[in-house]
Amino acid sequence: MSRAIEYHRLGVIMNGVTGRMGTNQHLVRSILAIRSQGGIALADGRRIWPDPILVGRSEHKVRALAEQHGIGRWSTDLDACLADTGDCVYFDAQTTDARPDAVRAAIAAGKHVYCEKPVAPHLADALELTRMARSAGVMSGVVQDKLWVPGLRKLRQLVESGFFGRLLSVRIEFGYWVFEGDWTESQRPSWNYRKEKGGGIILDMFSHWRYVLDEIFGCVRSVVVTGATHVPERVDEHGRRYRATAEDAAYGIMILEGGVVAQINSSWCTRVRRDDLLTVHVDGTMGSAVAGLRECLVQHRVSTPKPVWNPDIPQTIDFFEGWARVPDREQYDNAFKVQWEQFLRHVAGDAPFPWDFLAGARGVQLAELAMRSWAERCWVDVPELVP
């Protein structure tokens, strides 16, 4: 006779999930998906059962979201939620400028904290939160979802297998055209283009590039960046025109340990003619690879064509041929859900979790140094970060 499964309830306060990312990736495709699969299996045979309470400033929005997904608990009173000892995890997906105060309050209430990146708009705040969490003895985590998208997981496997030989360079192209909001609705919220709200593509995307480069290709040692506000005026969610105070594009070069050169273009003002919204091209002495969010193609040294420069005749080589697709050797789950499962296991004492507030602070550090490089028009070294 089979033994009944014992469930370990984890109450999760989810703040700011009425936005697109919070609803789709964190609530529906992570927490609710975990519940649909029957929880998260632990080594001792128990299963974690996340029990969310949705929190937001708009009663209408948070209640409607809870009712839509059959969630019985919701609130507009964050302080009351933090005071409830029945919920031990606090999650924050608010705007960047609102995050530090809420996270401070959660730490003071003894909650384990998991939050979207960047952990804070400024490095000083990120390090303060790191020290607060460690001093309070609570667990912390920051979303670093790109580590679990299939294309980059395949790239990591290629690096670890030695496929590239000696790594030479990495070229990251990210972006798409974000509509201004006048004749076509914008795909991104207006706060993204307001510096005073924590907006700007450098703070947003360099927090990603830091962990992608550090964990897959080598630690970032120095950086030079220039940014731009290509579209100076946009239209917000209420149809009002506003001046963009944050940059919507950034163009950077970084030197990684071992002398690897990384070039990164990040733009919300570019029209896509490449394989995906994010592509990562890696060159090494023995081979090259190009990865998108899901697919990864490789070309080994022995398969590399030998072009000759001659602009007077049509190109005879099809450069898209000669690349082999890296096969899917496993079923890839949603990247946000994978990290949620790891953090909740960590809270339950079942697994380590290295992507804490200090890891998140490194992303903020790179963003600040990039903005300094832009302002001073110079290369900037990236020092080791200590809390």
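In this predicted model, helix α1 (residues 20-36) and helix α8 (residues 335-347) have axes that come within 9 Å and cross at roughly 60°. Because of that angle, α1 is oblique to α8. The crossing in which α1 passes α8 is right-handed. On the α1 side, the contact is made by Met21, Gln25, His26, Arg29, Ser30, Ile31, Ala33 and Ile34. On the α8 side, Phe336, Lys337, Trp340, Glu341 and Leu344 take part. Sorted by class, the contact of α1 with α8 has seven nonpolar, three polar and three charged residues.

From α7, the contact includes Ile202, Leu203, Phe206, Ser207, Arg210 and Asp214. From α9, the residues in contact are Arg362, Gly363, Val364, Gln365, Leu366, Ala367, Ala370, Met371 and Trp374. This contact of α7 with α9 divides into nine nonpolar, three polar and three charged residues.

| Helix pair | Axes come within | Crossing angle |
|---|---|---|
| α1 and α8 | 9 Å | roughly 60° |

Aromatic residues are the next topic. The structure holds 14 aromatic pairs. One of them joins Phe163 and Phe164, with 5.2 Å centre to centre and 80° between the planes. The pair of Phe163 and Phe164 is edge-to-face, because planes over 60 degrees apart count as such. Phe163 has a relative accessibility of 17% and so counts as buried. Phe164 is also buried, with a relative accessible area of 2%. Elsewhere, Phe91, Tyr114, Trp148, Trp340, Phe343, Phe353 and Trp355 form one aromatic cluster. Trp340 of this cluster is also one of the α8 residues in the contact with α1.

Cys81 counts as buried because its relative accessibility is 6%, and the cut-off for buried is under 20%. Leaving out residues up to four places away in sequence, Cys81 touches Ile13, Ile53, Val55, Ser75 and Lys111. The C-alpha atoms of Cys81 and Val12 are separated by 9.8 Å, and these residues are 69 residues apart along the chain.

Notes. Residues numbered from 1 in each chain as written. Predicted model: local features only at pLDDT ≥ 70, side-chain atom pairs only at ≥ 80, totals over all residues. Heavy atoms only, no water. Axes fitted to C-alpha atoms, helices over the stretch in contact; angles between N-to-C directions. Helix = DSSP H or I, 4+ residues; strand = E, 2+ residues; numbered from the N terminus. Parallel < 35°, antiparallel > 145°, perpendicular 65-115°, else oblique. Left-handed = near helix turned anticlockwise from the far one by under 90°. Contact = heavy atoms within 4.5 Å. Nonpolar A, V, L, I, M, F, W, Y, C, P; charged D, E, K, R; others polar. Phe/Tyr/Trp six-rings, centres within 6.5 Å; stacked < 30°, edge-to-face > 60°. Buried < 20%, exposed > 50% of the residue type's maximum accessible area, 1.4 Å probe, protein only.
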